[in-house]
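Hi everyone, thanks for coming. I'd like to walk you through a structure, so please have a look at it first.

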Amino acid sequence: MHIADGVLPTAVAAGSYIVTLAGLGLSLRTLDQRELPKIAVVSSSFFVASLIHLPLGPTSVHLLLPGLVGALLGPTAFLSIVVGLFLQSLLFQFGGLTALGANSLMMGLPALVCGFLYRRLRGTSKKSNALVGSLVSGLGVLLAALILAFFLATGGESFMGVAKIALVAHIPVMVVEALVGGFVISFLYQVKPELLGVTLARENV
Amino acid sequence: MNFDQAHVIVLNGVQTMSLFSCLFLPFFCALVAWLLKAEESTSAGQKTEPDWSSPVLDRHGQGSSLFHTWAPSIKIATLLIAAFVIVSLHTLAWALTALFCCALCVELTGMSWTRPLRRLAALGGFLGMLVVIVPLTSPVQSGETVLVLPGLPEWPYSLAGAHLALTIVCKAMAVALLMEPMLATSSLPQTLQGFTDLGLPASLNQMILLCHRYIFVFQEEMRRMQRSMRVRGFVPRTNIATLRTMGSGFGMLFIRSFERTERVYEAMLSRGYQGSFPAEVRQKITNMDLVKGVLFIMIAAILLAGDRLLPLILF
Amino acid sequence: MHHMAVRPPVDDERTTLFSLRQLAYTYPDGTPGLRSIDLDIFPGDRVALVGQNGSGKSTLIRHLNGLFLAQAGRCSYQGELITEAMVQGLRQKVGILFQDPDDHLFCNTLYDDVAFGPRNQGRRPEEVERLVHHWLGEVELDQVMYKPAHHLSYGQKKRAALAAILAMEPEVLILDEPTANLDPRQEAVFRRLLEQFTGALIAIDHDLLFLYGLCERAVVLAQGQVHHDYSFQQLAAEPQALCEHGLDFTFRFTCCGQHYHHDQYHHHHHGTHEHEVAGAHLHGESQQTDPIIELQHYWYSYPDTTPGVSNINLSLFPGDTLALIGENGAGKSTLAHCLLGLHRPEKNEGFYLLEGRPLARQDYRQLWRRVGMVFQNAADQLFSPSCREEVAFGPEQLGLSKTEVRRRVEQALELVGLSGYAKRPPLHMSGGERKRLAIAATLSLEPEVLILDEPTASLDPRSEELLLQILADLPITKILVTHDLFFVRQLCARTVVLHQGRIIRDYATHEFLADEHLQVVNGLDYTYKNSCYQEIQALQGISLR
């Protein structure tokens, strides 16, 4: 779920913008300029994947993907996510323009954490990769939901109820995403293992 | 819950119904209008193909409105400030005024309302949740009016919460309406060039353009893959097998996108790419652009001043 | 053992354009790309670069543009060694057209795409403007100059990509599969522009007949080495060399350029024997049997401006093999999707009869049980980690027992000659193998009707021959959507010609082959290739009688 315009206090919206811009600046500066077009093209596939709805009982959910993006892109995930969110806001109004900073942090930070954890824990077998992939995918959603709840709670006591409900509403998404994430990682491990753990930017040892 | 100090009004079922239908009226109207538009465009059948041989400002409408002729950088700067001003409003009356102003902006562009309405429809879920939850869960202050809904004695409906929620709804809708005049009255490359002129890194601009271009390519690839699943009898259901299949599908999508990045990059290199896109000719900033900027900032300032100095309480 | 005809390295007084000496390249994952290439290319050369998949063609052309740098050996352009420092200048003179036009069109309008190269060359804006207008005009796209590429058809994209290269006014033009998936009319645009091009031309294509009209020199690669380097006529005249390199398209010579003889076609009530030429049996009186599928006054139009099909009357009989012909955008794929139930008509615009019974709305969803389809680029629509899972996907959706699924998978894989591939990931297989896997994935559903959309696109001749055999042996009803005249002639007794969404012809294939009015109607010029066939036949001295 993306935060719409007008929900956050202006100071929080502006503050998260500044943090996001700083993060972007840092990413752009540390990355190899030549890799940027590649990250952009990969971002479009994440964008497309996040638009696909999966059936869940009488309703359907779509994936948030912070965990998977983190696992696949590592440190460059933040950049990829900001680009994707900007276009989502621009094209579909998924997430408000003034809340873009907050939304970027909500998805980008979990991606970085998940990317780090996946690389640390994934091990060398297909099973451990799939399991860790599944865990970080679920964790990504959980962290995103927590950050969302935190942002909502900055609006004051009136928003506590919404924050709690948003948190609960993310539980089914978390389960679905953990399962799909595990299947994606296990598929990639079987078919194209070099994609996992090989960042687009050359590996810094 | 203790709400002794509050002003309690007990509602019956009919009143509750009418209250909620009032709250959801804006969404309902937007949805109906959008559906009507959609119906219109399909029944009209063959839409005429726009003339692609001259530079189009935006594929959804060529126009000569004040937004279309406004230099993108000043336009974006002005409207971005306006958007932040709008989200800073606290009172419903002024938020409604802002919503009205933004609707006027859309009307001034002379463009179809289909896309602005679709934007409002996209907001429906989030805002609908706010409208229901915030008034029911807001802490009740002393001297405040609460409504007790039939069957929900534990969850008083706070009018202050309703005011807050509706203010947010108006603000979100206002900014959503402002998106079209701000970002869709120039072509995407021009709009992004506007951001670059404002100081956004040019490399980010190019990433967004590239990402936008390949969304369409991957969407087509995903659509084809889903189609080839469907003709082999696949129907998505709530079960593990569906998630496994979709997981493979996503995995394939990612692999193909990684493979494509390499090919696109080679194609770019082979045509002399050296790390940056060749610059477009920039639109010159005229005095008129600045006049428009000042005008809009003034309107925004009036909204904010009114909001803080003249807070009209509707209920 | 192997007849090698390699030109000795020459120090011609003409300046060589490219000079390659013992050029070798190995990919980072250890896959050998080039072993040792010795090759000279001169100004004005028109070279056909041919060889099987994996012979090093793509690796070689990437060296000529500086995308890959020589790991061993030398590679120089106009006497200058190609190094990191000089590639920028080189790339502005050597243009490569890659296979997938979507890779070339990365901007948000065609104008920007075509202007990208000239702008990188540092040309003045007025000149860029002139070049863009000129070249988009040349490829007949000046009416859509400001359209984003994602709103264009495949053929338009392909032409736009060519314009984007030509606008750089390169000295050397390298083409990778320029005409794959194009109809003869669009191919003619390519041929015209390439014939006009005065610089050196290097073309990779599986369609040797296209190359025949274009190239004078043939360089045959095998296992990363140059195996033959001689005139194209010599290559064409040596069936043995063609055969060794999997380029033997002479199996196609039984097709065209000869006249149709009535006595070849006859009718049987029961299949008691086979003919050398598959599809010789006319359905004739079999029309007395009921058609499996019948479309009556069927209309379909897309919600956007894409043209659909109108007033289709089509009967499909058991055992029919039908060719669906038409220019790009004529509605072939749309009609195929209609047969598949993907496109339902609005309200009561037409009837779909299955075994004589009109389909109800909800029945369309079940059509997949009866009608199978192998889509265009089906090789890219596979999504399973192994061949077994890919082929088992359909039967599993049918809810069949495990043993039955296993039986069907084995049977289907065997039918397409992929037994023993069960555990291989489809992603790592060749294009031809993946194409056959896609067919197996559909066959495992045991459909009564099989629709194939452009089955031969971008296959090398060896894979094509295999595919032809497989299709000829399949006893079920088949529909081929194709531009490939040879496959039509070999497999299909009946041909249906679509033009602007309508069926304009529905007759026996021999009538189609003799139909001279057709190119006037829809611009499908198949005659050019026929004349090429005949010339090559003359070169090889093959007598067909």
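Predicted model: local features only at pLDDT ≥ 70, side-chain atom pairs only at ≥ 80, totals over all residues.

Let me begin with chain B on its own.

Now to the partner. How many residues of chain A are in contact with chain B? There are 70 on the chain A side, and they meet 68 residues of chain B. Together the two chains bury about 6,200 Å², and carbon and sulfur atoms give 82% of that area. If you want names, look at A:Val41, A:Gln93 and A:Phe183: they supply 10% of the area that chain A buries against chain B, more than any other three residues.

What about polar links across this interface? Nine residue pairs are in polar contact there, counting pairs with both residues at pLDDT 80 or more. Several elements of chain A give two or more residues to the side that touches chain B, including helix 1 (10-30), strand 1 (53-56) and helix 7 (160-191). Helix 2 of chain A brings the largest share, 15 residues. By residue type, this side of chain A divides into 52 nonpolar, 13 polar and five charged residues.

The count of salt bridges between chain A and chain B is two. In one salt bridge, A:Lys38 meets B:Glu262 through their side chains, at 3.5 Å from N to O.

Side chains of opposite charge can pair when their charged atoms come close. Over all chains, the count comes to 36 salt bridges.

One of them joins C:Asp103 and B:Arg263, with 2.6 Å between N and O. This pair crosses between chains, running from helix 3 of chain C (residues 101-104) to helix 8 of chain B (residues 240-270). Are the two partners buried or exposed? C:Asp103 is buried, with a relative accessible area of 2%, whereas B:Arg263 is partly exposed at 31%. Both also belong to a network of salt bridges, whose members include B:Glu221, B:Arg256, C:Asp380 and C:Arg434.

Within chain C, C:Glu127 and C:Arg123 form a salt bridge at 3.0 Å, N to O. Here C:Glu127 is partly exposed, with a relative accessible area of 22%.

Another pair in chain C is C:Arg217 with C:Asp229, whose closest N and O atoms are 2.8 Å apart.

Last stop: C:Thr477, which lies in strand 18 of chain C (residues 477-481). Its relative accessible area is 3%, which means that C:Thr477 is buried. What does its side chain meet? A polar atom of the C:Thr477 side chain lies 3.0 Å from the backbone nitrogen of C:Gly319. Leaving out residues up to four places away in sequence, C:Thr477 also touches, among others, C:Ile292, C:Phe317, C:Asp320 and C:Val449.

That's my tour, and I'm happy to take questions.

How values were computed
Residues numbered from 1 in each chain as written. Chains lettered and ligands numbered in written order. Heavy atoms only, no water. Contact = heavy atoms within 4.5 Å. Buried area = accessible area lost by both parts, 1.4 Å probe. Salt bridge = Lys/Arg side-chain N within 4 Å of Asp/Glu carboxyl O. Polar contact = N/O pair within 3.5 Å; in protein donor to acceptor, adjacent residues only side chain to side chain. Helix = DSSP H or I, 4+ residues; strand = E, 2+ residues; numbered from the N terminus. Nonpolar A, V, L, I, M, F, W, Y, C, P; charged D, E, K, R; others polar. Buried < 20%, exposed > 50% of the residue type's maximum accessible area, 1.4 Å probe, protein only.
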